[in-house]
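Have the sequence and the 3D view open as you read.

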Amino acid sequence: MTLSINQPTTTADDVEQDLLRFLKQHTKKSWEPDVDLFASGAVSSLFAMQLVMFLEKNFDIAIGGDNLTLANFRTVNAMTALVRRLSDE
Amino acid sequence: MTDDQVTHRLGVLGAGVMGTAIATLAIGRGVPVVLVDVDESTLERARTEVAQQLRLAQLMGRLPRTGAVGELVTTTSLGDLAEVTDVIEAVTELPELKAKLLAEVSAVVRPGTLIVSNTSAIPVDEMAESTARPEELVGIHFMNPPYLIRTVEVIRGPRTGDRAMEQVTSLLAAFDRDGVAVGDGPGFVINRILQRMINEAARIVEEGKATPEAVDAVFQGCLGHCTGPLSTADLIGLDNVVDSLRVLHERTGDNGYEPCDLLVAKVRAGDFGRKTGRGFYEHGEALS
């Protein structure tokens, strides 16, 4: 698998594509950006922790404090917004 | 609830699955921890695991996301426990090992320090025999993982003092856990029943009468259990299950507790459950 790593020009679209690829690789199915990952039952909170670590490593951000809540990882859209917000800080 | 002013400094003995996760619970609630193990590489792994577990618990809203996190110190020296207010012993479920360690630790800590054993099945009064001050020893049976499961079994031995029970109440309040007090004896409540149930479930699989999936499915579907006995066994660790069964078998003489061949074979093969990636089920890479 190839992933774009820490490019300064990371766009929301890149984030979304990377996330969709990561999800497909780990859950063996395709996802829409607005689907609730946890409601489907296919994704556990342990996997949510892997998402946290993936986002931190791949986009060079630190997710802590009040940002460390399941709501931020519920959909690809929510994660994309989180990455953009933390990248701007 | 009581004694909010008490400042706890916790010593944890053993950086295995339970010791590590108890350290996570404590620091996540702002209680500083000195974690002791004989093996430096085990301690190194524990530091990484505590950091990950803390974030998992925060992510799930089970530990506070903001506020003070307790300091974690790891050491191979029991002498570093001299200043703690409470000690929780969480080493391997081998009676001789626990007895030796409890004797050593009660000689190192100040009199009046609460000593807790997180034993699965050894009677508190049997271990009290090894300590310098039997009135200071209490059993707390934490479930795995303790930073997610609120309720614990609290075991008062016949020689446990009132002061130790007050200290336990204060410690559990600091951890935001709910203790249920039960009497002393092999396996207390949970493991007297659960270990036998796991053993019988494994025997059914051994006899080819049902798959692990089928055993767990009937407990979940018919009785409404969150997880079936063999999933639970994989979570506990089959090594601990076999050790606990032996403790129970030796102390009760009841052959229902004699670990069945399948359990013993899995442990011999190094298949301990989640912590090694395989037990009754495949778990992929080892988690938590």
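In helix α9 of chain B, Leu238(B), Asp239(B), Asn240(B), Val241(B), Val242(B), Asp243(B), Ser244(B), Leu245(B), Val247(B) and Leu248(B) are buried (20 or more other C-beta atoms within 10 Å of a residue's own count as buried, 12 or fewer as exposed and anything in between as partly exposed, with C-beta atoms placed from the backbone). Please keep in mind that this is a predicted model, in which local features need pLDDT of at least 70 and side-chain atom pairs count only at pLDDT 80 or more, while totals for chains, interfaces and linings use all residues. Residues are numbered from 1 along each chain as its sequence is written, and chains are lettered from A and ligands numbered from 1 in the order in which they are written.

**Helix α9 of chain B**

- The cover over the buried residues of α9(B) includes α3 (95-108), α6 (190-206), α8 and α10 (261-268) of chain B; a contact here means C-beta atoms, placed from the backbone, within 7 Å.
- With 15 residues (238-252), α9(B) reaches 21 Å from its first C-alpha to its last, close to the 21 Å expected at 1.5 Å a residue; the expected span is 1.5 Å times one less than the number of residues.
- Gly253(B) follows α9(B) and has a positive phi, near 70°.
- Helices here are DSSP runs of H or I with at least four residues, strands are runs of E with at least two, and both are numbered from the N terminus.

**Elsewhere in chain B**

- The axes of α7(B) (residues 212-223) and α8(B) (residues 229-236) come within 7 Å and cross at roughly 110°; axes are lines fitted to C-alpha atoms, for helices over the stretch in contact, and angles run from 0 to 180 degrees between N-to-C directions.
- α7(B) and α8(B) are therefore roughly perpendicular to each other, a label for angles of 65 to 115 degrees, with under 35 roughly parallel, over 145 roughly antiparallel and the rest oblique.
- Pro212(B), Val215(B), Asp216(B) and Phe219(B) of α7(B) make this contact with Pro229(B), Leu230(B) and Ser231(B) of α8(B).
- Ser170(B) is found in helix α5 (residues 162-175) of chain B, and Ser170(B) counts as buried because 20 other C-beta atoms lie within 10 Å.
- Ser170(B) and Thr66(B) are 104 residues apart along the chain, and their C-alpha atoms are separated by 22 Å.

**Chain A overall**

- Chain A has three helices and zero strands, running α-α-α from the N terminus on.
- Of the 89 residues in chain A, 24% are buried.
- Among contacts in chain A between residues at least 6 apart in sequence, 61% join residues at least 24 apart.

**Helix α1 of chain A**

- The 16 residues of α1(A) (residues 12-27) should span 22 Å at 1.5 Å a residue, which agrees with the 22 Å between its end C-alpha atoms.
- Val15(A), Asp18(A), Leu19(A) and Leu23(A) are buried in α1(A).
- Seen down the axis of α1(A), its buried residues fall within an arc of 130°, so they line one face of the helix; the arc is that of the directions from the helix axis to the C-beta atoms.
- These buried residues pack against α2 (45-59) and α3 (76-88) of chain A, while Asp13(A) and Gln25(A) are exposed on the other side of α1(A).

**Helices α2 and α3 of chain A**

- α2(A) and α3(A) pack at an angle of about 40°, with their axes 11 Å apart, which makes α2(A) oblique to α3(A).
- Leu51(A), Leu55(A) and Phe59(A) of α2(A) make the contact with Met79(A), Val83(A) and Ser87(A) of α3(A).

Conventions:
Two residues are in contact if their C-beta atoms, placed from the backbone, lie within 7 Å.
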